Amino acid sequence: MSSLHYARTLNNYSEGIKTALEVETTHHTPGDGRETTEDQGVSLSWENLWVVLSKGNECTKAILKGLTGYALPGQMLAIMGPSGCGKSTLLDTLAGRLGTNTRQTGDVLINGRKQTLAYGRSAYVAQDDILLATLTVREAVYYSAQLQLPESMSKAEKKERAEMTIREMGLQEAMDTRVGGWGAKGLSGGQKRRLSICIEILTRPMLLFLDEPTSGLDSAASYYVMNRIARLGQKDGIRRTVIASIHQPSSDVFQLFDTLCLLSSGKTVYFGPASASSEFFASNGFPCPTLQNPSDHFLKTINKDFERDLEEGASNAMTTDEVILTLTNSFKSSENYQRVQAEVAEIRKLDRGGLQESKSHAGLIIQRTVLTQRSFVNMYRDPGYYSLRLAVYTAVALALATVFYDNGFHSYTLQGRVSLLMFVSSFLTFMAIGGFPSFLEDMKVFQRERLNGHYGATAYAIGNTLSSVPYLAMISIIPGGLAYFLPGLQKGWEHFLYFVTVLFACMMLVESLMMIVATIVPNFLMGIITGAGIQGLMILSGGFFRLPNDLPNPIWKYPMFYIAFHRYAYQGLFKNEFLGQTFPTQPQGTPTVITGEEFLRKQWQVEMGYSKWVDLAILIGMIVIYRVLFLVIIKTQEKVKPIIATFRSVPNICTG
């Protein structure tokens, strides 16, 4: 096309934007039967936006360099560019999701105001599809609907909203298919991506962010996913603002975009109507070859990771850096750049109210109930949580039962009883760490949903605790019964119930410890190493391998001996087994009897000033403390990260 046609395209696009802005600024009072301004969509603009990596007060690398642009209701903005150009960083900046190791300056305005994105009015679909692999499509969306939608909606209405959203994204044929993961076939990549979008659009958000929505998909799947997103507004009547970072769309997908933001090395190469981008390149001496995908041509032209081979006889060809410089300078000196500046100024003048939350969440009680149900189903279907552990625990309990079978009540059996109780409370509970990989996957889902505002940490902690109780009780009773009765430990149901209760408390403590570890070290291998190391130190200072009075100060006796839960497990189980019993000896001469209390006091230096129930109460109290500590860490991270981000978003940023 000619340069004249390019100018006409820009003029038509600009007129369309002005018309949209005029509609945006039209204000109606609530109750007059007409749409309010909030119903008409969200205008997002950014001006002179800089983002740099920082180390302390020093800037190490600029990622975004003075970007300016906008996104309007009813339109789809595509952020494109080669790998490392800053696409995801720009998207995260606009969505308020920058990491704490970055600094930001410049204005990001929502409807002409600086404000945080409100729950229910905006949604963010991450590049990775973090979903519970054990749930079906129907279950995943319906559980999410119960969590996100307000209590004023009935269960039937929430179910209808969930199924309608599933149909909007074309997943009706896969409603009863599980998501699937490693070792289990489930949804395809495109279906998982659409499911992630389904979950985020349940609240009918007006502002939708998508990070690489076509990553890993073939051209057909990419088109259908993006086409469904583009058509959402036609189905629900919402003038939705869609902003997507996308790497290399097909020509069919490219035609779906209204506006294109093309980046290279953190700078704007082009911003304007996607339909006029080819003319812009052609007018600067880089025409798109016939029948070639425009996005392919753009990326090859501005990608400086691989220098283009110089053709024979073309030794004076421009380098990629020179091409990028030519395009960026041309854009800044073009009328299109002036139009962008003018449109951003117009958006800044919008007299709009603040973006409020659309509706309240479900209440804490409903969220807790739903999360408990969902977690219970996930734990039942995921063998890594408890099923495999139950089998392993049963096998180990049988081994213990045969090694210590029919131990008897003589003085020479005392050490065997102590060793059995120590193994149960230390190494049997130590294996609870095996559920860490499954819990870590669950934590990833929690972090995504918490970041998107679906529910809070309190509801998650309560739901996870309640759903795990039946499984831990089963693991405590079945293997615990084998390890208790066959070796012939003290008879009486009271003693057995105390034994399995201590075993239950120890496993709950280990799981609580691993929850804390997962929030601090969210890595599979490092998390297991950290958790195992902490438990090893506790076992070492628990009073078995070295008697309490022999533990050296200041670390091992104070504080390790008092904070290691193994101390209270050992002492409680020892008191439960030995108190009230006598053990005859067979020395030369007159037979004597050793009482259980004497054995514990002299041989093992057990604190006899309080009963075994106090030891159990301390274990239960430590469970509560660990769970509360998990909540404190989560909530502290929620509070501290925005403060750090605000501190780093300062004017005196390095922009060189």
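1. In this predicted model, contacts in the protein chain between residues at least 6 apart in sequence join residues at least 24 apart in 76% of cases.

2. The protein chain holds 23 helices and eleven strands, and buried residues account for 52% of its 656 residues. Its accessible surface comes to about 29300 Å², and carbon and sulfur atoms supply 57% of that area.

3. In soluble globular proteins, nonpolar side chains tend to be buried together. Here the largest nonpolar core has 175 residues, and the members that touch the most other members are Leu-90, Leu-195, Ile-229 and Ile-243. Helix α18, which covers residues 493-520, gives the most to this core, with 19 residues.

4. When residues up to four places away in sequence are not counted, Leu-90 touches Trp-46, Leu-49, Leu-64, Leu-67, Ile-79, Cys-261 and Leu-263.

5. Helix α13, made of residues 364-381, has 18 residues and reaches 26 Å from its first C-alpha to its last, which is close to the 26 Å expected at 1.5 Å a residue. Which residues of α13 are buried? They are Gln-367, Val-370, Leu-371, Thr-372, Arg-374, Ser-375, Val-377, Asn-378 and Met-379.

Notes. Residues numbered from 1 in each chain as written. Predicted model: local features only at pLDDT ≥ 70, side-chain atom pairs only at ≥ 80, totals over all residues. Heavy atoms only, no water. Helix = DSSP H or I, 4+ residues; strand = E, 2+ residues; numbered from the N terminus. Expected span 1.5 Å × (residues − 1). Buried < 20%, exposed > 50% of the residue type's maximum accessible area, 1.4 Å probe, protein only. Contact = heavy atoms within 4.5 Å. Areas by Shrake-Rupley, 256 points an atom, 1.4 Å probe, with all protein chains shown as cover. Core = buried A, V, L, I, M, F, W, Y, C linked by side-chain atoms within 4.5 Å.
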